[in-house]
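User: I want to go through the labels on this model and ask what each one rests on.

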Amino acid sequence: MQTAATRGMLASGRRMQTAARPSGAPTTPVSTGTTIIAVEFDGGVVIASDSRVTSGVELGQAPQVRAAAAMVQNITYKYKEELMAHLIVAGWDPRLRGQVYVTMGGMLVRQPFAVGGSGSVYIYGYVDSAFKPGMSRAECMKFVINAVTLAMGRDGSSGGVVHLAVITDSATKYTVILPHDLPQFHCE
């Protein structure tokens, strides 16, 4: 059971291939296509992905989000030759509230929002123009839903439904948005 002390989610935009895996890694083939996005708001974090997301992990009461991100950073650095992964670690803790971190090859950077996965190349223009500092929870939800929907319309490896999580001090609320409830854009 999670408490309000630390709530988090880790999403991977790309996982290693099974042929070049470290000892103890999964032996079953994994998907490598998806779209992930996370954005901070004053009360927490909104994170979303299409239904072809490759990884999701919830963390319990400890550690703080920054500490969890540092653990992921250490793993990606240790296996940088075998694992080419753009990871987003996002969550809420009482010290720094909502946070979004990205890591690749051992680098760790906090950002107000992050996108990753094969669909991200199709939405950089959208997120650069639509992101505004200080967005509300509702604005962040619309931002990530639109971004993932746009990516699913262009990226053959992204698709299905949108998985949405809103992580705050009081709860983590998960929602699945079915295709008929997604926004419609001219490209579809």
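Predicted model: local features only at pLDDT ≥ 70, side-chain atom pairs only at ≥ 80, totals over all residues.

Analyst: Residues are numbered from 1 along each chain as its sequence is written, and side-chain values use heavy atoms, with hydrogens and water left out.

User: Why is Asp-50 called buried?

Analyst: Buried means under 20% relative accessible area, exposed over 50%, partly exposed in between (1.4 Å probe, protein chains only). Asp-50 has 0% relative accessibility, so Asp-50 counts as buried.

User: What makes the link between the side chains of Asp-50 and Thr-34 a polar contact?

Analyst: The distance is 2.6 Å. The cut-off is a pair of N or O atoms within 3.5 Å; within protein, one must be able to donate a hydrogen and the other to accept it, and residues adjacent in sequence count only if both atoms are side-chain atoms.

User: Why is the pair Phe-113 and Phe-131 called tilted?

Analyst: Rings of Phe, Tyr and Trp (its six-membered ring) pair if their centres lie within 6.5 Å; planes under 30 degrees apart count as stacked, over 60 as edge-to-face and the rest as tilted. Here the centres are 4.7 Å apart and the planes at 40°, so the pair is tilted.

User: And why are Tyr-126 and Phe-143 stacked?

Analyst: Their ring centres are 6.0 Å apart and their planes at 25°, so that pair is stacked. Phe-113, Tyr-126, Phe-131 and Phe-143 form one aromatic cluster.

User: Why is Arg-97 partly exposed?

Analyst: Its relative accessibility is 37%, so Arg-97 counts as partly exposed. Arg-97 also has a positive phi of about 60° although it is not a glycine.
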